[in-house]
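The sequence and the model are shown first, and the points are then grouped by topic.

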Amino acid sequence: MSATSDIDEIPLPEPRSNRPVTLAHRIEFALALALGAVFRLIGVDAASAIAGGFTRLVGPMIGPIQHRGRINLGIAFPSLSDAEAAAILRRAWENLGRTTAEFAHLEKFDPDAENARVEIIGRERLEKIAQGDAPAIFVSGHFGNWEVMSIALHAIGVDYGVIYRAANNPLIDGLIIKERARVMSRRQIPKGKRGGRDMIDALKSGASLAMLVDQKLNTGGVPSPFFGKPAMTAPAAARLALKYSAPVIPIEIERLKGARFRVTAHQPIEFAASGDVGADTQSLTDLINLEIEKIIRARPGQWLW
């Protein structure tokens, strides 16, 4: 994977520090280490298949989460039968299990490796950004294995910062940061006030940003249509794109079979700013949500309902 010496010098963010480390955190951390060791021992294909099979079986038994997924599916696809909805949710549970196990094998998803597990559509678009001085904003969602987007950008040589939500467990948060740094940008930027300045500094320096934009934001979000309903959506991608004249490029991650993927860098979202910052932010946020919705509709079993 390609990288530059300057990027290698970027310090990693500190793990979440606003929560004390509890005994439960330590137990959870020990279990995560043990599970990760087992996943590495048995290999990526077996780990992905076993974890996916487990969550496909057990996940639907978790009543409150399964019920929430069924409600959300009903909003997006009102004509679905119960059997069709159950099948989609089983695939979504399986995808989640596979993605979790694959975290122990992030280095296996280098698109430039021999017999690569990741193919890239629109690579020339990403290479042009890597070779230029102007930043872009890459937007995606929790579909396929969402970690693969950042791995692909790093492999191509794009200078970027990845926006992430800090894990609730400070110990696991530190583990995730270190694991991602092996195969992604060291410029990891936590969501919220802690990372706001870093996002601006990254764009000012010419670095791009990569973010998952499909999480509900109760504080600071703007209502934007998503599957026909207003959803509280983070406006940061649109605001920053407008302020720094950065193209917004939707990135699609598709699980092909097992632990193999296709990453598609779509055309930048076409948008002509009016000069009204508030209205433009809303309109561009709406267009971003529409692109994410299109990807989800194409493969609903690969998204976290």
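In this predicted model, helix 3 meets helix 5 through Val44, Ala47, Ser48, Ala49, Ala51, Gly52, Thr55 and Arg56, which contact Arg90, Arg91, Trp93, Glu94, Gly97, Arg98, Ala101 and Glu102 of helix 5. Sorted by class, this contact comprises six nonpolar, four polar and six charged residues.

**Helix 3 and helix 5**

- Helix 3 covers residues 44–58 and helix 5 covers residues 82–102; their axes come within 7 Å and cross at roughly 140°.
- Angles over 145 degrees would count as roughly antiparallel and those from 65 to 115 as roughly perpendicular, and helix 3 and helix 5 are therefore oblique to each other.
- The crossing of helix 3 with helix 5 is right-handed.

**Helix 10 and helix 11**

- The axes of helix 10 (residues 236–243) and helix 11 (residues 277–298) approach within 8 Å, with a crossing angle of roughly 120°.
- Helix 10 is therefore oblique to helix 11.
- Helix 10 and helix 11 also form a right-handed crossing.
- From helix 10, Ala237, Ala238, Arg239, Ala241 and Leu242 take part in the contact, and their partners in helix 11 are Val277, Asp280, Thr281, Leu284, Thr285 and Ile288.
- The contact of helix 10 with helix 11 consists of seven nonpolar, two polar and two charged residues.

**Overall fold**

- Eleven helices and nine strands make up the secondary structure elements of the protein.
- The protein has a radius of gyration of 19 Å, close to the 19 Å that the globule rule gives for 305 residues, so it is as compact as a globular protein of that length.
- The C-alpha trace spans about 50 × 50 × 45 Å along its principal axes.

**Confidence of the model**

- Mean pLDDT for the protein is 93, and 97% of the residues reach 70 or more.
- Over residues 1–5, pLDDT stays under 50, and the model has eleven contacts for this stretch beyond four places in sequence.

Terms used:
Residues are numbered from 1 along each chain as its sequence is written. This is a predicted model: local features need pLDDT of at least 70, side-chain atom pairs count only at pLDDT 80 or more; totals for chains, interfaces and linings use all residues. Side-chain values use heavy atoms; hydrogens and water are left out. Axes are lines fitted to C-alpha atoms, for helices over the stretch in contact, and angles run from 0 to 180 degrees between N-to-C directions. Helices (H or I, at least four residues) and strands (E, at least two) are DSSP runs, numbered from the N terminus. Angles under 35 degrees count as roughly parallel, over 145 as roughly antiparallel, 65 to 115 as roughly perpendicular and the rest as oblique. A crossing is left-handed if the near helix is turned anticlockwise from the far one by less than a right angle, and right-handed if clockwise. Contact means heavy atoms within 4.5 Å. Ala, Val, Leu, Ile, Met, Phe, Trp, Tyr, Cys and Pro count as nonpolar, Asp, Glu, Lys and Arg as charged, and the others, Gly among them, as polar. pLDDT is the predictor's confidence in each residue, from 0 to 100. The radius of gyration is taken over C-alpha atoms; the globule rule is 2.2 Å times the number of residues to the power 0.38.
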